[in-house]
Amino acid sequence: MGYHEEGKWWVSPADYDPEVTEKFNFPPKIEFLDTTLRDGEQQPSIILTKDEKVAIAKKLDAVGVHRIEAGTPAVLKEDAEAIREITSLGLKSKIFAFVRNMAKDMQLAKECGVDGVIAEMVSSEHMLTYGKRWTKERAIQASVEATLAAREMGLYVTYFPADSSRAEFDFLLDIIQHVYEEGHMDSVALVDTMGVFSPEGAALRVRKLRERFPTLPVEVHFHDDYAMGVATTIAGLAAGASVAHVTVNGIGERAGGAQLEAVALALRALYGQETGVDMTQFKSLSHFVAQAARCAVAPTKPVVGDKIFLWETGLPSSLWMNAKDTDPLVMLPYMYSLTGQNEPYLLLGKKSGKDNLKVWLEENGAEVPQEKMGDLLQLVKNKSYAVKRDLTKEEFDELVKSL
């Protein structure tokens, strides 16, 4: 793959310069753990029913997501029932449950039929002391007992030390070391609970974890409070983490988490990393989750927004009309069809030019004398300014008739 792939994307040559790529340490295989059904639902005011969770899990499986975090069985009976139904579907995706480091939570997860657990324990001294009001020793002991119980049940264990981005690193390492040696973990997640990692900080901690535990896979679970969730997730993968925790549309606690669609597309086009997910289903998946979550997607949301492939302004509209039949990528960062979007089209409003006008006249089967085009364009601009948006077909028809 390269920076310009015909019919796919056209990005900066600098992205593929050896001076840049030689610094990467991506793993041979990158997997996604989608936590829409758990962390996504923790976004205020989002509640997903059992049937909605099952339907979303099916769609995530169809997209090719490798792991699905199906929920927390201890939260509500209906959540446990949803997880049980999801595990009974025979999906290709591995199914995980989110649990506290308690033996009874491990047992409940096992009864739900999951492949593994995401076992959470607070890992920063300040949050343990002032939030949970536990000692480090108590946190370690609880984690050791619970993860050993999970191993006895045959569950894959991802140890999930919450707030590990803000923890003093030696404090964090000490907890992980004890649980790794005395308890059990199949992988460890680096957790940016508060979304405070810079890409460089995230990469550093991934590298140091891999140096300390060279045979232990590292996963990254990063939030988006500084609008860096996608960037930090990719930085963690480039440093050697092998699993990215993501959500559809980036929904989740507070500002949300790393957006599945954006992480996957950036990995493919900007970094040349294949993940195996079917990106052509991203738009439909996004729409389905947005409806189920009763949480509208911003029209300019990266990858899945409704208006990211539209033009109203005159100059880019003209450039698009000139280039679209020769090579659409002259005017696009990536091909709209790559992510299941519709073909771009031109809007008509205050910033539009004569090419926008010509397209709208042709599509509406209307004719206006050439000498009247300037007058019509001015009417369009005035109307758009008055209503503070681009125009509808009906409004345009009225303006044409007024001439």
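A search of the whole structure, which is a predicted model, turns up one cavity of 30 Å³ or more. The space in the largest cavity comes to about 50 Å³, while the largest pocket has a volume of about 310 Å³. Residues are numbered from 1 along each chain as its sequence is written, and side-chain values use heavy atoms, with hydrogens and water left out. Local features need pLDDT of at least 70 and side-chain atom pairs count only at pLDDT 80 or more, whereas totals for chains, interfaces and linings use all residues.

**How the spaces are defined**

- On a 1 Å grid over the protein atoms alone, a cavity is a set of points where a 1.4 Å probe fits but cannot get out.
- A pocket is an open set with protein on both sides within 12 Å along at least five of seven lines, and lining residues have an atom within 4 Å of a point.
- Grid points are joined across faces, edges and corners, and a volume is the space filled by probe spheres set on the points.

**The cavity and H221**

- Lining the largest cavity are T35, D39, H221, F222, H223, H245, V246, T247, I251, G257 and A258.
- Strand 9 and strand 10 (243-246) each give at least two residues to this lining; strands (E, at least two residues) and helices (H or I, at least four) are DSSP runs, numbered from the N terminus.
- By class, the lining of the largest cavity holds four nonpolar, six polar and one charged residue; Ala, Val, Leu, Ile, Met, Phe, Trp, Tyr, Cys and Pro count as nonpolar, Asp, Glu, Lys and Arg as charged, and the others, Gly among them, as polar.
- H221 sits in strand 9 (residues 218-222) and is buried at 5% relative accessibility (buried is under 20% relative accessible area, exposed over 50%, partly exposed in between, with a 1.4 Å probe and protein chains only).
- The H221 side chain makes polar contacts with the side chains of D39 (3.0 Å) and H245 (3.1 Å).
- A polar contact is a pair of N or O atoms within 3.5 Å; within protein, one must be able to donate a hydrogen and the other to accept it, and residues adjacent in sequence count only if both atoms are side-chain atoms.

**The largest pocket**

- The largest pocket has a volume of about 310 Å³, and of its 19 lining residues, R38, Q42, F98, E120 and E253 are the closest to its centre.
- Strand 5 (94-100) and strand 7 (156-162) are the elements that give two or more residues to this lining.
- The pocket lining has seven nonpolar, five polar and seven charged residues.
- R38 lies over the face of F98, at 3.7 Å from the ring centre (NZ of Lys or CZ of Arg must be within 6 Å of the ring centre and within 35 degrees of the ring normal).

**Aromatic rings**

- The count comes to 11 aromatic pairs; rings of Phe, Tyr and Trp (its six-membered ring) pair if their centres lie within 6.5 Å, with planes under 30 degrees apart counted as stacked, over 60 as edge-to-face and the rest as tilted.
- The F24 and F26 rings are edge-to-face, because their centres are 5.4 Å apart and their planes at 65°.
- F24 is partly exposed at 26% relative accessibility, whereas F26 is buried at 13%.
- F24, F26 and Y271 form one aromatic cluster.
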